[in-house]
Amino acid sequence: MVKICCIGAGYVGGPTMAVIALKCPKIEVTVVDISVPRITAWNSDQLPIYEPGLDEVVKQCRGKNLFFSTDVEKHVSEADIIFVSVNTPTKTQGLGAGKAADLTYWESAARMIANVSKSDKIVVEKSTVPVKTAEAIEKILTHNSKEIKYQILSNPEFLAEGTAIQDLFNPDRVLIGGRETPDGQKAIQALKHVYAHWVPEDRIITTNLWSAELSKLAANAFLAQRISSVNAMSALCEATGADVTQVSHAVGKDSRIGSRFLNASVGFGGSCFQKDILNLIYICECNGLTEVANYWKQVIKVNDYQKNRFVNRIVSSMFNTVSGKKIAVLGFAFKKDTGDTRETPAIDVCNGLLGDKARLSIYDPQVTEDQIRRDLSMNKFDWDHPIHLQPASPSAVKRVNVVWDAYQATKDAHGVCILTEWDEYKTLDYQRIYDNMQKPAFIFDGRNILDGAKLREIGFIVYSIGKPLDPWLKDTISMA
């Protein structure tokens with residue numbers, strides 16, 4: 001029986017291994033992690049991450065050919081194929097601080113694999129890693145090899161949170177990069193055989209190592225670039241009276257462009273977009289490609305500008321101050337159908353409002369109070385952010401109230417901000433919300449999910465990103 005071990009039981013490792021176990025009943029799959037609470041959660045009825053469809057997959061396989069364990073060394077030494085899916089955060093100090101990926105966890109995983117292995121292994125990079133990581137990992141393994149042969153493969157994940165299980169069941173492509181040697185090609189075929197249990201052959205792409213590593217960074221950079229492009233247009237739409245929804249619809253009808261990722265919003269978030277672009281920038285700079293690095297920097301700058309613009313719009317609309325005013329924040333996750341808050345635009349928007357001494361009442365159906373408070377008081381990696389969007393001091397979090405109901409969040413509020421596009425926000429009783437708010441009552445729709453005309457009939461002053469401005473908003477101070 002082929003044995004697969006995955007180091008790292010997070011957003012990538014857990015779902016990916018669960019689906020491999022489901023689709024390959026003859027393969028034994030073990031996910032290992034040094035975090036006891038995380039593994040305990042994977043073995044319980046309350047999984048550590050929320051992802052539609054994940055529960056069912058895990059319950060079907062757990063205890064049969066899918067296992068979760070903290071005995072890292074035992075399972076690594078027994079495995080034929082080892083997936084490494086550990087964190088690769090952006091460095092906050094030292095060489096490349098603010099851009100380069102920190103490979104501390106990766107390196108310690110590689111050293112541990114070298115220490116405990118007693119048989120030949122295929123080691124698969126699953127984390128998003130900078131180009132040439134495989135080469136570094138290869139060096140660590142071969143210099144500590146004790147006659148054991150290692151083949152390194154790059155198999156980047158292209159999952160979108162909220163649809164990860166569907167993405168795994170029916171991927172656009174599976175990318176496997178390896179060495180162009182006979183042993184390297186053999187390793188590629190071994191991993192290809194695993195995926196071929198359910199993925200059509202023509203969707204499994206094989207490349208060299210560097211192409212696979214760079215393809216992941218490039219894919220995320222292209223997606224983020226589309227979001228920044230439409231967000232840049234949204235600012236121009238507001239200035240000219242155009243409607244960004246109509247513009248992006250017209251643009252998206254061009255078959256060369258397509259309609260995906262053309263929704264204007266308060267900004268992109270998630271664990272990968274900003275991190276991967278920073279990584280790309282760093283690699284460009286290291287290779288002397290300053291113009292290319294500057295090109296990609298703009299994608300992040302526009303994203304920061306969009307969050308900043310949203311905060312400024314709120315403050316300027318409300319008589320140029322939100323000090324002491326209650327503002328309801330609906331949504332904290334970086335997008336709907338996930339509880340993930342990593343790099344969510346809500347953090348910067350909330351910190352911007354707290355910087356102006358607002359009182360916040362936050363409701364998100366999937367994010368805990370503990371997570372929200374941690375995110376808002378954390379000295380998050382704040383490279384290149386506008387000054388007033390940099391993290392407020394932890395004392396500011398005293399002005400944050402986290403509730404479990406949209407009506408409670410909006411009661412007595414001066415304004416409502418929609419920061420995540422949860423479906424339930426579309427069907428709220430906005431007449432009831434209006435009746436219980438301070439007047440004038442404002443709605444700032446950061447996701448363009450509400451019907452502005454209906455809200456205006458009720459009596460709201462409405463700001464929707466990239467839509468023609470209410471007369472009220474036109475009269476307020478022009479944007480900084």
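Axes here are lines fitted to C-alpha atoms, for helices over the stretch in contact, and angles run from 0 to 180 degrees between N-to-C directions. I noted this before looking up a pair of helices.

**Entry 1: ground rules.** The model is predicted, so I kept its limits in view: local features need pLDDT of at least 70, side-chain atom pairs count only at pLDDT 80 or more, and totals for chains, interfaces and linings use all residues. Residues are numbered from 1 along each chain as its sequence is written, and side-chain values use heavy atoms, with hydrogens and water left out.

**Entry 2: two helices.** Two packed helices are described by the angle between their axes and the distance between the axes. I looked up helix α9 (residues 209-240) and helix α11 (residues 273-286), whose axes come within 9 Å and cross at roughly 115°. Helices (H or I, at least four residues) and strands (E, at least two) are DSSP runs, numbered from the N terminus. Contact means heavy atoms within 4.5 Å. On the α9 side I found Leu214, Leu217 and Ile227 among the residues in contact, and on the α11 side Phe273, Ile277 and Ile283 are included.

**Entry 3: cores.** A nonpolar core is a set of buried Ala, Val, Leu, Ile, Met, Phe, Trp, Tyr and Cys residues joined through side-chain atoms within 4.5 Å. Buried means under 20% relative accessible area, exposed over 50%, and partly exposed in between (1.4 Å probe, protein chains only). I found 40 residues in the largest core, where Phe310, Leu353 and Leu360 have the most contacts. Helix α13 (residues 345-355) gives the most to this core, with six residues. Apart from it lies another core, of 39 residues, including Ile27 and Phe83. I then listed what Leu353 touches beyond four places in sequence: Val311, Ile314, Val315, Val322, Ile327, Ala358, Leu360 and Cys417.

**Entry 4: cysteines.** How many disulfides does the structure hold? I counted zero; a disulfide is a pair of cysteine sulfur atoms within 2.5 Å. The sulfur of Cys284 has its closest cysteine sulfur in Cys286, and 9.3 Å is too far for a bond. Cys284 is buried, because its relative accessible area is 9%. Cys237 has 4% relative accessibility, so I put it down as buried too.

**Entry 5: Val31.** I placed Val31 in strand β2 (residues 28-32). Val31 counts as buried because its relative accessibility is 0%. Leaving aside neighbours within four places in sequence, its contacts include Cys6, Met17, Ile39, Leu66 and Phe68.
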